[in-house]
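Open the structure in your viewer and keep the selection panel at hand. The tour goes from the domains to their interface, and then to the ligand.

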Amino acid sequence: MMVKKVGLIGWPVAHSISPAMHQAAFQALGLHDWRYELAPIPPDIVRQGLRALRDEGGFIGVNVTIPLKQAVMPYVRPDEQARAVGAVNTIDFRDNSGMNTDVDGFLDDLAAHGIAVAGERVIVLGAGGAARAAAYGLARAGAEVIIVNRTFSRAQDLAASLASSAGLQHITAQTLDEAAEQGARLVVNCTSAGMWPQVEETPWIEGVPFPAGAAAYDMVYRPSVTRFMRQVEASGGQAIGGLGMLVRQGAASFARWTGQTPPLEVMFGAARAALASSG
Ligand code: ATR
């Protein structure tokens, strides 16, 4: 039996729940010759690492995580979406293409929760890679995007960069006070504040009223309920954690590599179990 290998590159990758999620999906579909393996690659040898996995390792494709999502760009053929986001999270070595399934994972999960963003104001908290993917996806879906960040100049830079590189309108930077006062349909946390083990942090400054009627999406999935989500719920808003985005970006990668419809419920179950057992 010729084993078909895919996996995860990053530095480090040890605590990922992706292997559990993908292995469960392979098993559910009877894809017994497929394996999902962790492949740590230090940032200074990305090019050699990719070549080794493809040429000697026999890998069909990989997921890409921190800190390599930007670093792999010169060595693959990024599709339009990956180029606009400036980051690749999925590679298919068969044609050396690079994709970004984080964007669709996020938009699909919003839709699954009944949140439509077209024509709505959406506040994006953060100005790093995760915020860039979210702002791009939201603007593409027709939202008016307000970027808010602890370091305001980075919010301004991100808004300007998306407007010029991706040709997206309706992306501006505001302070948290301004943005909150003007209201929004949705607030998305794309910062690392509140992520385990810094569970007491939050990107929402205490004392700033949460916009009435707004829902919140927290890209953080560990812990499953963050301090930010508790703040939102205390003010009467709906708060959604980031597990669904994680599962759906993985499902999109799985579909690309295997050509099969991903078993979403199996992947959700495996992801929840892996998170529960890792504390
Ligand atoms: P990524 O690529 O994963 O988005 P990043 O580029 O390091 O990571 O960006 C992290 C984001 O989280 C930044 O927007 C950062 O704010 P600054 O630009 O001011 O550094 C934000 N962030 C991290 N910790 C935070 C905290 N405790 N409160 C608010 N924002 C925080």
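Buried area is the accessible area (1.4 Å probe) that two parts lose on being put together, summed over both. Between domain 1 and domain 2 it is about 770 Å², with 55% given by carbon and sulfur atoms.

This is a predicted model: local features need pLDDT of at least 70, side-chain atom pairs count only at pLDDT 80 or more, and totals for chains, interfaces and linings use all residues. Residues are numbered from 1 along each chain as its sequence is written, and side-chain values use heavy atoms, leaving out hydrogens and water.

**Stop 1: the domains.** Select 4-100 + 246-278 for domain 1, then 114-237 for domain 2. These bounds come from an automatic or database domain assignment. The C-alpha centres of the two domains are 26 Å apart.

**Stop 2: the interface.** Show contacts (heavy atoms within 4.5 Å). Here 10 residues of domain 1 meet 10 residues of domain 2. Next, look for polar contacts, pairs of N or O atoms within 3.5 Å; within protein, one must be able to donate a hydrogen and the other to accept it, and residues adjacent in sequence count only if both atoms are side-chain atoms. Between the domains, 5 residue pairs are in polar contact (both at pLDDT 80 or more).

**Stop 3: the ligand.** Which side chain has an N or O atom 2.7 Å from an oxygen atom of the ligand? Select N149 to find it. Then try R150: a side-chain N or O atom lies 2.9 Å from a ligand oxygen. At A130, a polar backbone atom is 3.1 Å from a ligand oxygen.
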